[in-house]
Amino acid sequence: MSSCYIRSDTGVTALELGDNLATTELVLNLCSSISEQSAHYHVPTFINVCANFLMAQSFLPVDAENVVIELVERIAPTPEFIACVSALKQRGFRFALDDFEFDAAWEPLIALADIIKVDILLCDLRLVRAQMFRLRKYNLTWLAERVETQEQYETCQTMGFTLFQGYFLARPEIVTGKKVPPTALRMAELINTLFEDQPDIAKLSAQLHDEPAVVMGMLRIANSPMYRKAREVSSIKELIVRLGLDLTRKWVLMFSVFNQCNPAAAGLVLTRAYTAQALAQRWQHNEKTQSQFFLTALLSGVDILFGITPAVFVVGLNLSDDIKAAICDGEGDAASAVDIIGSIEQAYSMKRLPPDVPEDYFSLYNQQQFDVEEKLNAVIAP
């Protein structure tokens, strides 16, 4: 078992933040991003909690099977706290006694514990062996911490430890939780509404109510010579009718991405999206599939736009199975298109053409890049 230190987004430790704030931020990060590591490695995540947080029942968002709750030595095992642990145990949560030193005050928690963690550099191993024998009636798993040599590892195995942490096995990794920022959440809500089969115009208008820059930009585009007809557009509903659903989707996303991100990132991701759509057209897919390629490629860039893993971002979105399979599993033609575009992007950054990408795809990418720059200039123009 390798270990990890959980820190805030700014790299601050739990002791520096204070137990309550650190635990609250940790659980938020766990629910929004760190839990993906549990799914990937098929193991639970060990997290430290403070007594106040646990007794406040703030733990509800976390699935019991995904975590082991570590009770640290700073906790005072009061009757109220023990009762809280017992109630959570009945709900399926598992508990580890962290840095356990066999203090008599902790005896009531031993019957509720699943794992006992022992710092073998601080504890007398003869005492530990005696305690393991004394507590053999409980169904406990013993975890040896700070195992740094082959000899220590073999000694702990002989004693009956079955879980291990320490430099002998792996250096600890710092895992920084990444919360989904409000701008990304608003983008997710817009995507959900825009890409419904029959978008709810009233709902879309309400979502754009707090995005005046997007609305003003959209109205300016709809009233431009490119789309102007008999009269000017003055509402979201008229705007959608004027542009049509496909163009509305693209222009709303264009303004949203540009207003929430730096121009370079916006240009890169939008070029990726338009190139994917062009590849879908080149591969003779229908308009609906072309739109799916566009959205898949756009979503593949949320790590660039917001620092969020695409697979995490799409979890809560109402997307087609094909798009989710492309994003999460790399399956399907849309995923292949994104891979090709990624090779083109890498080729430009390394100034070396990859042998497996046709030259005309580079021309296609260059054309979309030029078109996106033109569109972004329209976004910027007063």
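Contact here means heavy atoms within 4.5 Å. With that in hand, 63% of the contacts with a separation of 6 or more in the protein chain come from residues 24 or more positions apart. The model is a predicted one, where local features need pLDDT of at least 70, side-chain atom pairs count only at pLDDT 80 or more, and totals for chains, interfaces and linings use all residues. Residues are numbered from 1 along each chain as its sequence is written, and side-chain values use heavy atoms, leaving out hydrogens and water.

The protein chain has 19 helices and eight strands; these are DSSP runs numbered from the N terminus, with at least four residues for helices (H or I) and at least two for strands (E). Of its 382 residues, 47% are buried, that is, under 20% relative accessible area, with exposed meaning over 50% and partly exposed in between (1.4 Å probe, protein chains only).

Now for a pair of helices. H13 (residues 263-282) and H14 (residues 287-299) have axes that come within 7 Å and cross at roughly 150°. H13 is therefore roughly antiparallel to H14, a label for angles over 145 degrees, taken from 0 to 180 degrees between N-to-C directions of lines fitted to C-alpha atoms over the stretch in contact. Residues that meet across the pair include Val269 and Tyr274 in H13, and Phe293 and Leu298 in H14.

The loop between H13 and H14 holds Gln284, which has a positive phi of about 65° despite not being a glycine. Gln284 is exposed, at 74% relative accessible area. Arg146, in the loop between strand E6 (141-145) and helix H7 (150-159), also isn't a glycine and has a positive phi of about 65°. Arg146 is partly exposed, with a relative accessible area of 38%.

Terms used. Angles under 35 degrees count as roughly parallel, over 145 as roughly antiparallel, 65 to 115 as roughly perpendicular and the rest as oblique.
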